[in-house]
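Please keep the sequence and the model in view while reading.

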Amino acid sequence: DQPADAELMVHALRESGFEPEWQRVDSEAQYVACLDDRLDLVLSDYDLPMFNGLRAIELLRESGLEIPLIIVSGSIGEEIAVAAMQRGAADYLLKDRLTRLGPAVELVLEKSGLRRERREALRALRESQALYSSLVDQMPVGVFRKDEAGRYVFVNAEFCRLRGTTPEQFLGRTPGELGSLEDAFKAEAAQHHAEIMRTGRPIEVVDEYHRPDGKVLYLHVLKSPVYNMARRIVGTQGVVLDITDRRQ
């Protein structure tokens with residue numbers, strides 16, 4: 001609420017090499033109106049008429065924006081400072097120690113940039129996974145994946161069509177837990193999974209599969225290992241091709 005204090009902070013930032021575009025507000029309504037995802041930083045006094053720094057933090061959190069906020073106060077006790085940090089303040093400092101402002105802002109912006117990069121990476125990963133799932137689900141071959149314990153963690157639409165079942169009957173279960181559905185393949189599936197987990201070598205088989213509706217299919221199955229980023233085998237996966245017509 002003191003223009004001179006705001007000018008001093010801007011001067012301290014310029015002394016540290018920043019060229020800030022800035023705006024001073026001194027009421028809750030003005031503050032809320034100015035919150036925007038284009039902002040890099042909020043510098044907030046602790047005590048304002050009918051307003052304070054903790055409320056500024058609360059409003060920022062309610063907005064859903066992840067903008068760092070630094071409390072800059074003339075007199076802030078340790079208890080209040082701790083409370084501000086617990087509520088989400090990125091840092092706090094006293095107005096008579098503005099030489100700290102530049103380094104504090106630099107550190108806060110660096111951390112904020114890293115968080116933004118992580119969010120963007122996660123968003124891109126989610127989009128990539130959604131695209132992958134969409135493409136795999138539309139493939140004309142069955143696709144499945146199992147975890148280290150041999151439980152199905154993914155099956156696509158064609159896999160379910162070939163087996164005459166739904167994803168819910170497979171996901172989270174091993175072949176041995178599927179009841180009569182997989183009776184003919186329980187031992188083979190467990191043996192193949194264990195062998196691939198141990199050796200990392202793919203296995204190729206042709207199975208005669210009797211579906212629950214009585215239809216008999218010949219399925220060409222190629223099973224292979226799934227690796228993590230450390231090149232450790234963390235599961236198995238496979239593609240299933242219906243070769244019944246060719247076989248007949």
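Q: In this predicted model, which helix gives the most to the lining of the largest pocket?
A: Helix 1 (3-15), helix 2 (28-34), strand 1 (42-44) and helix 5 (101-137) each supply at least two residues of that lining. The contributor that gives the most supplies 5 residues, and that element is helix 1.

Q: Which residues that line the largest pocket are the closest to its centre?
A: The pocket has a volume of about 1100 Å³. Its lining is made up of 36 residues, and the closest to the centre are Trp22, Gln23, Leu41, Val42 and Leu43.

Q: How many residues of the lining of the largest pocket are nonpolar?
A: The lining includes 4 polar and 11 charged residues. The remaining class counts Ala, Val, Leu, Ile, Met, Phe, Trp, Tyr, Cys and Pro. For the nonpolar class, the number in the lining is 21.

Q: Are the ring planes of Tyr31 and Phe51 stacked, edge-to-face or tilted?
A: A search of the whole structure finds 6 aromatic pairs. In the pair of Tyr31 and Phe51, the ring centres are 5.7 Å apart and the planes are at 55°. Planes under 30 degrees apart count as stacked and those over 60 as edge-to-face.

Q: How many residues apart in sequence are the parts that the pair of Tyr31 and Phe51 ties together?
A: Tyr31 is buried, with a relative accessible area of 6%, and Phe51 is buried at 9%. Tyr31 belongs to helix 2, whereas Phe51 belongs to strand 3 (residues 51-52). The pair therefore ties together parts whose separation in sequence is 20 residues.

Q: Is Phe159 buried or exposed?
A: The ring of Phe159 pairs with that of Tyr152, with centres 6.0 Å apart and planes at 50°, so this pair is tilted. Tyr152 has a relative accessible area of 4% and is buried. Buried means under 20% relative accessible area. Phe159 has a relative accessibility of 1%, so this residue counts as buried.

Q: Which residues do ring pairs link into a cluster?
A: Tyr152 and Phe159 form a tilted pair. Ring pairs link both of them with two further residues, and the cluster consists of Phe144, Tyr152, Phe159 and Phe170.

Q: At what distance from the ring centre of Tyr227 does the charged end of Arg231 sit?
A: Arg163 lies over the face of Tyr209, at 4.7 Å from the ring centre. The charged end of Arg231 sits over the ring of Tyr227, and its distance from the centre is 4.0 Å.

Technical notes: Residues are numbered from 1 along each chain as its sequence is written. This is a predicted model: local features need pLDDT of at least 70, side-chain atom pairs count only at pLDDT 80 or more; totals for chains, interfaces and linings use all residues. Side-chain values use heavy atoms; hydrogens and water are left out. On a 1 Å grid over the protein atoms alone, a cavity is a set of points where a 1.4 Å probe fits but cannot get out, and a pocket is an open set with protein on both sides within 12 Å along at least five of seven lines; lining residues have an atom within 4 Å of a point. Grid points are joined across faces, edges and corners, and a volume is the space filled by probe spheres set on the points. Helices (H or I, at least four residues) and strands (E, at least two) are DSSP runs, numbered from the N terminus. Rings of Phe, Tyr and Trp (its six-membered ring) pair if their centres lie within 6.5 Å; planes under 30 degrees apart count as stacked, over 60 as edge-to-face and the rest as tilted. Buried means under 20% relative accessible area, exposed over 50%, partly exposed in between (1.4 Å probe, protein chains only). A charge sits over a ring if NZ of Lys or CZ of Arg is within 6 Å of the ring centre and within 35 degrees of the ring normal.
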